[in-house]
Structure formats: C-alpha cells, structure tokens
Amino acid sequence: MAQWTKAQVVAKHYWTERLVSLQFEADIAPFKAGQFLRCGLDIDGDRVGRAYSLVNAPGEHPFEIYFNIVAGGQLSPRLATLEVGDAFWTHETSNGFLVLDEVPNVPDLWLLSTGTAIGPFISMLKTAEIWQRFEHVVLVHAVRTAEELSYSEFINNMLKVHTEKFHFVPFISREQVVNSIHGRIPAAITNLQLEKRVGLALNADRSHVMLCGNSGMIETTRNALAERDMIRHRRSVPGHVSTEKYF
Ligand SMILES: Cc1cc2nc3c(=O)[nH]c(=O)nc-3n(C[C@H](O)[C@H](O)[C@H](O)COP(=O)(O)OP(=O)(O)OC[C@H]3O[C@@H](n4cnc5c(N)ncnc54)[C@H](O)[C@@H]3O)c2cc1C
C-alpha cells in the first residue's frame, strides 16, 4: 500500500480567484513527466486524498500542483487555504500512464487539455525527451475565459525556443479573443478548424493524441477522432489516443 509522507508548502500562487498553484517540498520518489501524486489533508478525523498532476519536470524542485477550487468540494477548497510553511500529506510515489514512454513513435504529438488538466503537459514540455522525439508538438488549452490561460509565460518561452516544432492553440468558450479559437475542441477537430490553425494534418498515420481533462471533453473528442480511425492506445493493442480523466 502507498505510504503517506509530510509535504510542506514553500510557495503559493493564485492565477485567478479559483485557480491555484501550490509549490512544496516532500520526500517523494522519482516520477515520470505527466504522472500524478495523491495529496491529502486530515479532515474531521479522516484523511481525504485526491490525485493531482505534478507540473514539474522530473528532478525539478520545488514540486508543484495546479488545481481549481471546486465549489463544495471536500479537499480542493481546503488545500487552497494552505499557506507557506503549512503541511499536508502526499503519497511517496506518483502514478499514471499519461507519460511519454507510453506514446508510440510518430512524428506529431498532440496534447489536448481542458482547464487545470494542462498540468501534466507542462511537465512533459519541460523535458528534453519531448523535443528530441517529435517533429511537432501541439498544445491545446481549452478554458472558459482568457484569464484562465495559466502558464502563458512558460508557453511563450517554449514558442520562442522551439519555433518550428511547437504550436500552441488556446480555446476560449465564453469570450471572443484574438488568436484563440472560440468554441470547443471536438467541434474544431470535426470541422478541421484545429488542423487549419496549426497547419498540420491530424491522422492515424502521423499523430498521437493525449487527452486530459473532464470526461465530457474526453468522450466527445474520442468520438471525433474515431471518425478518423484514430483509436484508443493500449500497450497490448497500439492505437493513437491516450487519455487521463480528472472527473
Ligand atoms: C489522475 C487524476 C489527476 C488529477 N489531477 C488534477 C490536477 O492536476 N488538478 C486538478 O485541479 N484536479 C485534478 N484532478 C481532480 C482532483 O483529484 C479532485 O477530484 C478535485 O480537486 C476535486 O476534489 P474535491 O475533494 O475538492 O471535490 P470532491 O468533493 O471530490 O468532488 C466534488 C465534485 O467536483 C467534481 N470535480 C472534480 N474535479 C473537478 C474539477 N477539476 N473541476 C470541476 N469539478 C470537479 C467531481 O466530479 C464531484 O462531483 C485529478 C483527478 C485524477 C483522477
């Protein structure tokens, strides 16, 4: 059984009123980019734990999680009240298969996220491996309003460093904003808007898609990709689509 260990908050950042990053130190085992860690607090005598993706590259300190305060949620509103110096619990080991090791060798990697599910992709973008392995890396971040486009400084820096290789497409559903797509990811796959915007074909011959976010987005995007014969990837049956569902 996974063991709990104490973590200590070393920094906290509010991106918006409900989007928070906590940086912390803890004695956790080495992890792969894209993996998640169970974090917890003792609430009314019970330890309440939830999974949170690490935003870090392996080996990078301090550790960081990025989450939204879910109204009425058991853990996330309480995690957000922690201040520098406060302690919480984490598992000693990280888990998850949304990692680069699991991606077949293809030219193009598409990373499609909603909301805080951009976290594991930021972790992957911080590794040397992603830039060595793929000809093109496309990051899609779907949010409701422009202020929710977190990590933009890091993304803009990656765009400068990997000019030919890296493509970033923000989707904003509730506002019309220049240079972003107004709408949702599955529709933009079906009507080809996403491919036209990036200037790359999205197909079973050259692409692998990683999806991370809410179940609605994952299901509808998987259906849109199935129309192109892009199927779920399994170790035993290689395919083109890997997923991680947050809720
Ligand atoms: C593998 C994995 C990795 C995850 N990584 C992250 C992460 O990096 N960042 C992050 O913000 N969340 C992440 N989550 C979700 C996280 O584990 C919690 O579910 C979330 O923080 C809500 O917990 P809570 O105790 O506050 O709410 P709960 O009391 O558990 O749930 C309240 C309700 O909120 C819904 N809900 C859960 N998550 C969200 C959400 N993100 N937005 C809106 N509604 C939600 C649930 O469906 C539930 O109905 C991850 C989940 C999984 C399975």
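Six strands build an open sheet, in the order 4-3-6-1-2-5, and their pairing is antiparallel. Strand 4 (46-53) and strand 5 (63-68) are the edge strands, and each of them pairs on one side only. Neighbouring strands of the sheet are turned by 40° against each other on average, direction ignored. The model is a predicted one.

Strands of a sheet pair through backbone hydrogen bonds. Take one pair here. Strand 3 (residues 36-43) and strand 6 (residues 87-91) run antiparallel and pair over 2 bridges. Which residue of strand 6 is the bridge partner of G40? The partner is W89.

## Two domains

The protein splits into domain 1 (4-91) and domain 2 (100-245). Their centres, taken over C-alpha atoms, are 25 Å apart. Domain 1 brings 15 residues to the contact, and domain 2 brings 14 residues.

Look at the side of domain 1 that touches domain 2. Strand 5 supplies the largest share of that side, with 3 residues. By type, the side holds 8 nonpolar, 5 polar and 2 charged residues.

## The ligand

Where does the ligand lie? Both domain 1 (4-91) and domain 2 (100-245) give residues to the shell around the ligand, so the ligand lies between them.

The ligand is surrounded by 20 residues. The closest are F67, G73, L75, S76 and F247. Strand 4 and strand 5 are the elements that give two or more residues to this shell. The shell residues divide into 10 nonpolar, 8 polar and 2 charged.

Notes
Residues numbered from 1 in each chain as written. Predicted model: local features only at pLDDT ≥ 70, side-chain atom pairs only at ≥ 80, totals over all residues. Pairing = 2+ DSSP bridges. Helix = DSSP H or I, 4+ residues; strand = E, 2+ residues; numbered from the N terminus. Axes fitted to C-alpha atoms, helices over the stretch in contact; angles between N-to-C directions. Near = placed C-beta within 6 Å. Nonpolar A, V, L, I, M, F, W, Y, C, P; charged D, E, K, R; others polar. Domains from an automatic or database assignment. Contact = placed C-beta atoms within 7 Å.
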